[in-house]
Structures are given as C-alpha cells and as structure tokens.
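User: Hello! I would like to learn how to read a few features of a structure. Could you walk me through them?

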Amino acid sequence: MGRDLGARAISRYLVFLLFLSLFGAQTSHAQQTHPTESQVKAAYLYNFGKFVTWTGTNAGSSASFDICVLGKDPFGVVLDSTVAGGNIGEKRVTAKKISSLQESDHCRIVFISSSEQARLKAILAAAKAGGTLTVSDIPHFADKGGMIEFVPQENRIRFEVNLPATEEAGLTLSSELLKVATRVIGKTGN
Amino acid sequence: MAVGYSRSISRKLTVMNMLVSAAALLLACAAFFAYDQITFRQSLVRTLSAQAQIIGANSISALIFNDPQSATNTLSALKSFPNIASAGIITSDQRPFAQYSRDAGDEVLNIPAPPDGRLEAYWFRATHLVLVHSIVFQGKTLGFVYLRADLHELDQRLKRYAAIAFVVLLLSLLAALIVSALFRRSVAEPIVQLAEVARAVSQDNNYSVRAAPTAAQDEIALLIDAFNNMLQQIQHRDNALQAAHDELEERVEERTRELVSSNRELEAFSYSVSHDLRGPLEVMNGFSYVLLKSYANQLDSSGKECLQSIRAAARRMSELIDDLLNLSRVTTSVMHREEIDLSSYARAIMEELCRTAPERNVEFVAPIEVKAYADARLVQIVMQNLLENAWKYTSHHDRARIEFGFEDKDGRMICFVKDDGSGFDPRSTDRLFQPFNRLHTSAEFPGNGIGLATVRRIIQRHGGEVWAEGAVEKGATFHFILEPNRGTEAGRPV
Ligand SMILES: Nc1ncnc2c1ncn2[C@@H]1O[C@H](COP(=O)(O)OP(=O)(O)OP(=O)(O)O)[C@@H](O)[C@H]1O
Ligand SMILES: [Mg+2]
C-alpha cells in the first residue's frame, strides 16, 4: 500500500517536472525571439489607426475598421493574428486582402504591396478620394505621394510621413505619430 | 544668607520659565517639522506622479512605434527639474527602453513594476524617492516610467528648520528671562521678604516685626497674611506670658516681704521673750544659791538634793535661753563676707575639743587649706556646731574618725563634715534641722537640738544649702555650700 502511494507521488512529480520544463522552455523561447519584420509592420499598421482621425467621406460608413492589403500579401496570417480581437474606437478591426481599391471603399488603411508599384499613381488617387491612409514599403513611397512609408533603419522598421498627402485625403495625424516618424514631409519648419 | 535665598528662588523661577518655554517651543517645532515632512513628502509624490504621467503620455507613440530616441527626448525635458536624479522607461516586458540621468554615470536602477492592479507605486529610500507609473494606452499597458528624486531638499529643510528653531529658541529664552524678571517682583520678592522677616523673628525673637503685605490677591498674599496673623498671636501670647510672669514675680516679692517682716517680728519677739525670761531665772538661781549656802545646815540631804535639781534645771534653762538668743542673733546680725580658711577653723575647734577629753581616741582629717568667701563669725558657728556634733555622736565608740573636706561639683564648692559615729535614721533627715528636734534622747547624748537649726539659718543667709546623710551606727555626713546659687542673692535675711 505505502509503496504504491510513494510510487504514484513520484510519478506525479515527474510529470509535473516535465510539464514545467516544456512550458518554461516555450515561454522563454517566445520572449527571446525578436518579432519578424512583417510582424512589426503588421503591428504598425494596426497602431497607425490609433493616431489618425478620419474626416473623409467614407469615415464611419462601415461597421468594421478595415485594414486592407492591396496586391501580393507579404503578411500571410500575421496581420490577421495581429488585429484579431482588436478595436479602434468602437469598431472591430478586420484585415482584408483586396486586389483593387475600388473593390472595397471601406478601407481605412491600405497597405500597398510592392507588387502594385506600377499602378501606384492610380491607387494613390483613389485612396485620396476615398480618405484612405496609404502605407507602403515601396522605396520613396512618401516622396511619390504616399502617406506613410516604412523605411528600414538600424535593424528597425521606421516610417516617414507625407503630411500634405494625408491632409489632402482629409486625414489628421496626431503629433505623437509625427514625433516618432523619421521624416515628415511638408511639416512647417522642417 | 538672605541674599542667597533670594537668588535661589528667582533663579528657580527663571529656570522654570525658560525650561517651560524651551520645551513648548521644541515640541511645537518637532510637531511642525513632522507635519511639514509629511506634507512635503506627499507633495513630492504628487509632483513626481504628475511628471511621470506627462512623460508616460508623451512616450506612448515612442513605445508603440519602438522609437527610444523620441522617449529619450521626452525624458531629457526633466533637466529643468534638478531634484530628479534619474528617470527611465521600461517596456511592459521589463526591458529598459529609454533612460535619463542628471549626473553622468548614474547607475540604472532595477525598478520593479507596480504591483498588479495598480497604476502607480512609490518607495522612499534613504536618500531617494522612487516612483513607478504605468503607461497605459487604450487599456493596454505599454510600459512603465520611473522617476528617482533626490531627498536632499528634505535635509536642507531640516537644516533650515533647525536654524529657525534655534533663533526662535534664543529669542523666546530671552523673552522668558525678561518675563521672569518681571514676575520676580510679584512672586519671588514677597517670599524673600517673608523669609527675611521669618529670619528676624527666629534670630532676634522679635515678634513685633511684620511682613509687608502685597497688593496681589494670590496665595503669597494669603501666606503673608497668615504669617502676620501668627506673629500677632505669638506677640499677644508673649505679652500675656510676660504679664503673668511679672505678676507672679511681684506676688512672690510681696510674699517674701511679708514673710521677712513676720520673721523679723517673730525673732524680735523670741529675743525679747528670751531676754525677759533671763531676769526671773537669775533671781531663781541667785536665791537658790543663797538658800544652799546660808541655810545648808537647816536642810537635810534630800532638801539639798531638791535644791541642787532646781539649780541644775535653772542652769539648763539659761543655756536654752542663750541658745535661743544666739539663734536669733544669727538671723539678725549684719553679714560681712571675707576670705577665710575653713580648715584652720576646723583644726582650732578640734584641738579645743580634744583638750576637753584627752583620753578619747579620735582621728581628725582635714586639708591644709579650704578657702571660702563668707562671714567669718557665722561660719565659725557652723563649724563649731558640726564638729561638736561629730565629736559628741562618736563618743560611744572606742575609736572615731572625723573628717573635714570639700569637693567640687559644677563649679560650686561643697564642704562636708563626716564622722563614723552612731549616725541616725535616714528617714528623719528633714527633722534634723528643725529647732529643738532631736533624734537621740538626752540620756544617750545631751543637747538642746538647736545646733543644726542655727547651722541652717547661717547657711541660708549665705544663700547656700545644707543637707545630711547618715544611717544608724554608720556615721553621719553633713554637706554645706556657702556660695550663693546662680541668681540667688547672698546675705538676704530669712
Ligand atoms: N554627727 C551626728 N551623728 C548622729 N546624729 C547627729 C549628729 N549630729 C546631729 N545629730 C542628731 O541631730 C539632732 C540635732 O542636733 P543638734 O546639733 O541640733 O542638737 P544637739 O546636738 O542634740 O544639741 P545642741 O543644741 O547642744 O547641739 C541630734 O539630737 C542628733 O540626734
Ligand atoms: Mg549639736
């Protein structure tokens, strides 16, 4: 009897140790790995929404806050998992993949994939008309009329802002956002 | 002495005043300082919290978009607050994000996050206050901002307070000094005066002095009143006592005067009686002599015997009258004191006595000289009587020893005549000195019983004392003092 109880206690303890080591290894692994570039970009896309005020025509017309990816999607499931359960204002954030802006005029933020570089002018015009925040990692995107351009800098992802472009689209960017931008085009005194 | 008292009481008052004011002041300072410390700490925490909130709010985008430079810029605004030693922002996973330190090389603190569910926490360390504030954006904790403030200002405040307290203490002690100087007039001085009066009363027995009353209506005034009342009562009593004493003295003097005069009368009476008795006695004596000489042949032998007895009785009566006359003369004669030697008197008397009965075996002892200041004639009578008695009352013994001597007691010379004769019953000592009182029968020892009475009169006239000690068959000692006792007048007739 006594030996049975002792053996059971030991086996339980071993199971507990195993569980502990597995779980501990997993958590420490998760903490140590740096987020991938697409993870950072996905998070930025999501967070931009918190520092931008939409006064454009299609603001508030949709039930959800749509973050759209135009063209070849570099994020995969990363964006979906980033926005999952997130809210901006009263609205639920959803990630959408679109092939043209006309496809959906509910996009608050559109990430223009580098695959769309050729159609950039038309896309930017449509976005401006629709009051959509355009974000891209296409080089010189901001100089070409885009609103926010991801730029790699010292192993980090930073961004540049084209302030006149956002104003023309009826968007107001918070000074907080501008503060952390590496470059703000059209900022008075800059 | 009185000055010492005065100093001590006013010094006590001053010290008391100063102690009280110093204690009150120090307590007040301590309380005030404690209150100030608390409020200062609270306000420090509040300011620090406000700064942390501002920095937190300004660092949200920096945290979100991973821009430590922007956060560092925000933190560097703290330069305008010199009390903040260091500050920093930590991400929610405890990584240092941005730092600021006032002095280069200030170490980065390992700051724990505020406990769960709290936006903010702070710790007071020995020299620092550390405050951690959560940076929350849209319900999500992005990180923490911590601020570390110096507590130097607390020290400075403490020093400043100590300096102020010291100055105020000095001023208040000065004020206390002045106040106590003022109060000394109303409190200490009446007491000092009272003490002075009490001293005068106890030293000089002067109950007529009074303590000066004060204008105030306090306990000191009460004390002074009570003291004065007491003095008044003592004075009354003293006066009454003096009056009673005076009256008593007067009465005694009166009585003495009465006694003296009645004594004089009595003595004059007894003198005249004795004198008058003499005449008839001489007649009896003369005629009985004539009868015996001229008519001897007509008388038979028994008639002659009768006549002899009459003559003997008459002779005895004459002696008695002589003694009585002597006694009264002793009391009335004028006293004249001079320096005399009692010892030579004693020796002369003893020689005379030995000559009367040379067959007796009597040893006589006396010092070479016993000086006294007394009436020579009267003292001669005293010595005569005492030595005669000693001679007489040792006559039944084969051998006798008679001693004359003196001893010193408290500066008074006590003379004595001592014998080892038949002595007397000590219970009858007082009767010895009364006239005609005898403790022995005439059959045993002849005598009239007037000798010691005479001795006592003479001693009393000298203002001295006489007393006897003795026991049956153990001898007798007669002590006498010739010098008057202190305060007793010598030569006063009694
Ligand atoms: N030395 C003595 N020893 C014993 N008895 C004494 C002595 N001297 C006096 N007395 C007693 O005291 C009595 C009184 O003495 P006091 O001298 O007065 O009388 P006295 O000697 O009897 O007569 P006198 O008048 O002749 O002296 C005596 O009768 C005697 O009894
Ligand atoms: Mg005698």
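Analyst: Gladly! Let us begin with a term: helices (H or I, at least four residues) and strands (E, at least two) are DSSP runs, numbered from the N terminus. This is a predicted model, where local features need pLDDT of at least 70, side-chain atom pairs count only at pLDDT 80 or more, and totals for chains, interfaces and linings use all residues. Residues are numbered from 1 along each chain as its sequence is written, chains are lettered from A and ligands numbered from 1 in the order in which they are written, and side-chain values use heavy atoms, with hydrogens and water left out.

User: Which elements of chain B each supply at least two residues of the shell around ligand 1?

Analyst: They are helix H9 (376-393), helix H10 (451-461) and strand E12 (476-481). H9(B) gives the largest share, four residues.

User: Which residues come nearest to ligand 1?

Analyst: A residue is near a molecule if one of its heavy atoms lies within 4 Å of it. Around ligand 1 there are 19 residues, and those that come nearest are Lys392(B), Tyr393(B), Arg438(B), His440(B) and Asn448(B).

User: How do I read the distances between polar atoms?

Analyst: Look for a polar contact, a pair of N or O atoms within 3.5 Å; within protein, one must be able to donate a hydrogen and the other to accept it, and residues adjacent in sequence count only if both atoms are side-chain atoms. Here, a polar side-chain atom of Arg438(B) is 2.4 Å from an oxygen atom of ligand 1, and for a polar side-chain atom of Asn389(B) the distance to a ligand oxygen is 2.9 Å. Gly451(B) takes part through a polar backbone atom, 3.2 Å from an oxygen atom of ligand 1.

User: How many disulfides does the structure hold?

Analyst: A disulfide is a pair of cysteine sulfur atoms within 2.5 Å. There is one over all chains, and it joins Cys68(A) to Cys107(A), S to S 1.7 Å. The pair links distant parts of chain A, 39 residues apart: Cys68(A) is in strand E2 (residues 64-70) and Cys107(A) in strand E5 (residues 107-112). The link is left-handed, with -95° about the S-S bond.

User: Are those two cysteines, Cys68(A) and Cys107(A), buried or exposed?

Analyst: Buried means under 20% relative accessible area, exposed over 50%, and partly exposed in between (1.4 Å probe, protein chains only). Both Cys68(A) and Cys107(A) are buried. In chain B, Cys415(B) is buried because its relative accessible area is 1%, whereas Cys29(B), at 26%, is partly exposed.
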